[in-house]
Amino acid sequence: MNHNCDEALASLYLYLDSELDGANTAGIRSHLEKCTDCFGTFDFEQRLRQVVHDRLQENVPEHLLDRIKAAIDDHPSSLSGGLA
C-alpha cells in the first residue's frame, strides 16, 4: 500500500457518503479504478452498507405512525426544547 492508497482509504467513507467535492470524488474514483486493493476495500464497505440498510428497514404500522404524529401535534414545544 502506498501514500495514494492511504489518502484514498482515509477519504473512503466521505466518498461513500457523497460528501466530497467534485475534484476529490474524481480523484478517489480514479484511484479505485486503478488499485485493486483499495477497490476491494471499497467494494466490501459498499456491500456492507447495502446489507445493513436492507436489514434495518422496518415496517411501522400505520396506526403507530398516526399516534406519533398526533403526539407531536399535541406537544410541539417538547420536541424543540421549549423554544416554540
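The model is predicted, with local features needing pLDDT of at least 70, side-chain atom pairs counting only at pLDDT 80 or more, and totals for chains, interfaces and linings using all residues. Residues are numbered from 1 along each chain as its sequence is written, and side-chain values use heavy atoms, leaving out hydrogens and water.

**Exercise 1.** Work out at what angle the axes of α3 and α4 cross.

Step 1. Find helix α3 at residues 22–34 and helix α4 at residues 36–55 (helices are DSSP runs of H or I, at least four residues, numbered from the N terminus).

Step 2. Their axes come within 6 Å and cross at roughly 110 degrees (axes are lines fitted to C-alpha atoms over the stretch in contact, with angles from 0 to 180 degrees between N-to-C directions).

Step 3. That makes α3 roughly perpendicular to α4 (the term covers 65 to 115 degrees).

Step 4. Look for the contact (heavy atoms within 4.5 Å): His31, Leu32 and Lys34 of α3 meet Thr36, Cys38, Phe39 and Phe42 of α4.

**Exercise 2.** Find which helix gives the largest share of the lining of the largest pocket.

Step 1. Locate some lining residues, including Asn4, Glu7, Asn24 and His31.

Step 2. Both α1 (3–10) and α3 supply at least two lining residues each.

Step 3. The largest share, 6 residues, comes from α3.

Key: Angles under 35 degrees count as roughly parallel, over 145 as roughly antiparallel, 65 to 115 as roughly perpendicular and the rest as oblique. On a 1 Å grid over the protein atoms alone, a cavity is a set of points where a 1.4 Å probe fits but cannot get out, and a pocket is an open set with protein on both sides within 12 Å along at least five of seven lines; lining residues have an atom within 4 Å of a point.
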